[in-house]
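User: Please take a close look at a single part of this structure and then follow its surroundings in one connected account. I would like every term to come with its cut-offs.

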Amino acid sequence: MLEVKNLSVSIGDREILKDLNLTVADGEVAAIMGPNGSGKSTLSYVIAGKPDYEVTSGEVLLDGENVLDLSPDERAAKGLFLAFQYPVEIPGVTTMTFLKATLNAIRRQRGEPELSIPDFMKRVNASAAKLDIKSDLLKRAVNVGFSGGEKKRMDIFQMAFLEPRFAILDETDSGLDIDALRIVADGVNALRTKTRSFLVITHYQRLLEYIVPDKVHVMAGGRIVRSGGKELALELEKNGYRDYVEAEVA
Amino acid sequence: MAAVQETIDRVKSIDVSEYKYGFFSEIESEKAPKGLNEDIVRFISAKKNEPEWLTEWRLEAYRRWLTMQEPRWARVAYEPIPYQELYYYAAPKTAAGPKSLDEVDPELLKVYEKLGIPLNERAILAGVEGAGEASSRVAVDAVFDSVSVITTFKEELAKAGVIFCSISEAVRTHPELVRKYLGSVVPPTDNFFATLNSAVYSDGSFVYVPPGVRCPMELSTYFRINEKNTGQFERTLIIADKGAYVSYLEGCTAPKRDENQLHAAVVELIALDDAEIKYSTVQNWYPGDAEGKGGIYNFVTKRGDCRGANSKISWTQVETGSAITWKYPSCILRGDNSRGEFYSIAISNGHQQVDSGTKMIHLGKNTTSRVISKGIAAGASQNTYRGQISSHRKATGARNFTNCDSLLIGNDCGAHTVPYIEAHNHSTQFEHEATTSKISEDQLFYCMQRGLNAEEATALIVNGFVRDVLQQLPMEFAVEAQKLIAVSLEGSVG
């Protein structure tokens, strides 16, 4: 369960998140929609612990624990996962190597023993099959020369692999064609459980047809301005964000 | 590889102020009086019972040195070296020639044990038989403060016809070989530091592999500078006769001291027809403290002569230590179809300075060379790649591929590239690629969000960066080199 309480965040002297409140219950899929500049990505970065953002007030509680004091890797060990909008390239490091390093780093932090090679391979192959990840992709350097679709699928694959408690999908649908979108959505849906929560950030309601949310929140001007069920997404599609933006500015 | 492997095994945390080999050993040593003059040169030569021709060779070099100017063109800055304040000979008192392990000063053996060097042959053999992992037997020549202390596996190598001993011993037992090849690749007139070395070198390794022989094990030398205010001037000479093959590995450490110590070595490699020499170095000399005080000056001349047709020489180095590194392991591609290779990872942190690279001199026909250089700069260090790729007028069909990449970590370091490319005939093809990059915040954050801490993330990214070179190293060595790289970057990520 994730609780964001009275969160205010600035970069320099520009306030981006203003006293934001949000709760995502266990097993819930919550969507955040909003225009550019509303602070959606900032929210996801701050929860994940990206440096350069100054939290001026508030808390982010993951299962009751404030994660704002923890480094990004510590938050990962607590079960937090961020699927990036623009996944980065890491030349010379194969995806396989990366997966093994990250999985074992998390296990180490949790006091669990590292996975043996056979167990690791079993796990990799199981997850790869579900997301149509071929073995040659795993042997390539992380994201180097990957198409947009491959990058996103690879991120979801990592998510499936690391089995987080709370996953944030930051504009996962950007740059994806219909087929890739379906594969990604299937991958996410396959991970929905009673204990795992998702925060899905998107501009467009199309993704939400495949990953059907339990709640939809509208974000404008650095805060949540309206919350509702999945119908809210359709309403936004029809009417746009203008009313919300104007209300914030006013 | 056991020597280096175990060395690196011991390096648990080695940021600039916690250099683990900084201990000093209380070993009685015998020193020549301070300073350098003809008497000192004769003293050194006499200590080794050298023949007259060699004493003269040294004296000529010394006289020439007096006329030379110290070069200052490299991109490194240092206080003038007080040549007359140094000791040019320091030998552990009991080491007066080759000995069995029983006769070696136990204190000395303790030092090597502390450093993880397996001097005990039986231990090595037992290790191989008992262990399930792929550890090869490695013959080790241990050099302590300019003097070769012991060389292991000599008998077994002798059965194959391979000569592996200290160069001082080679002068006594195989003078004709030494006389034929010494100074033939790096003549005493070559450069200021090589000339100095020619005058005062005290020891180093000598290897001769007879025709058609593939040396049955890796050969390794381990250097340790212990005494203060000494220069270490070792001289290594490796000859692979026709069709021979040898792989040689060199590792180095030195204790922490406030003063700088000079290490001006000369390495000469000669490969005759169809022969191959593989020379790998892991250099971890004391790099100076966090303020940049102290540390080794590593001013080395290393050169390989692909003298024979179809010969091949490859240099592989992982350089992480020294206050200043100034070296260009090079290949003279004399024989037709000969090949030279240079694979390097040079890491600088703290206040270290590196001006390093290679020269590939294409002289014969259809010669090829390959250069992969990865420079990583962190802290406030300066890391320069300097390379010379040239083809002579008659070196038709010469080919080179050079890839030199620099990686910067943090905002206070510098990476520089100085390539000289000279093609003197029309059928030469030289390719050069260079990149300079910085570990991006985004890359670090991505790795950290997936569970790696800052240092693990940096090590992972750096390993990806140096992968091409790591793949050139003998397998176990590569694994240990990865650990050493991670450890030498500790403290570089804020």
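Analyst: Gly149(A), Lys152(A), Arg153(A), Ile156(A) and Ala160(A) of α6(A) meet Ala180(A), Ile183(A), Val184(A), Gly187(A) and Val188(A) of α7(A), where contact requires C-beta atoms, placed from the backbone, to lie within 7 Å. The model is predicted, and local features are reported at pLDDT of at least 70 and side-chain atom pairs at pLDDT 80 or more, whereas totals for chains, interfaces and linings use all residues. Residues are numbered from 1 along each chain as its sequence is written, with chains lettered from A and ligands numbered from 1 in the order in which they are written.

Helix α6 (residues 148-162) and helix α7 (residues 178-190) of chain A pack at about 5 degrees with axes 10 Å apart, the axes being lines fitted to C-alpha atoms, for helices over the stretch in contact, with angles from 0 to 180 degrees between N-to-C directions. α6(A) and α7(A) are therefore roughly parallel, a label for angles under 35 degrees. Helices (H or I, at least four residues) and strands (E, at least two) are DSSP runs numbered from the N terminus.

Also in chain A, an open antiparallel sheet has four strands in the order β2-β1-β4-β5, and its edge strands, β2 (14-24) and β5 (65-66), each pair on one side only; pairing requires at least two DSSP bridges. Strand β4 (residues 54-62) and β5(A) pair in the antiparallel sense over two bridges, and Leu62(A) stands opposite Glu65(A). Helix α1 (residues 40-48) of chain A lies across β1 (2-11), β2 and β4, at about 75 degrees to β2(A).

Turning to the other chain, the contact takes 21 residues from chain A and 18 residues from chain B, and α2 (72-77), β7 (90-94) and α3 (95-109) of chain A each supply at least two residues of the chain A side. Helix α10 (residues 441-449) of chain B has seven of its nine residues buried, that is, with 20 or more other C-beta atoms, placed from the backbone, within 10 Å of their own. These buried residues pack against α1, α2, β6 (80-83) and β7 of chain A, together with α11 (454-465) of chain B.

Methods. Contact = placed C-beta atoms within 7 Å. Parallel < 35°, antiparallel > 145°, perpendicular 65-115°, else oblique. Buried ≥ 20, exposed ≤ 12 C-beta atoms within 10 Å, placed from the backbone.
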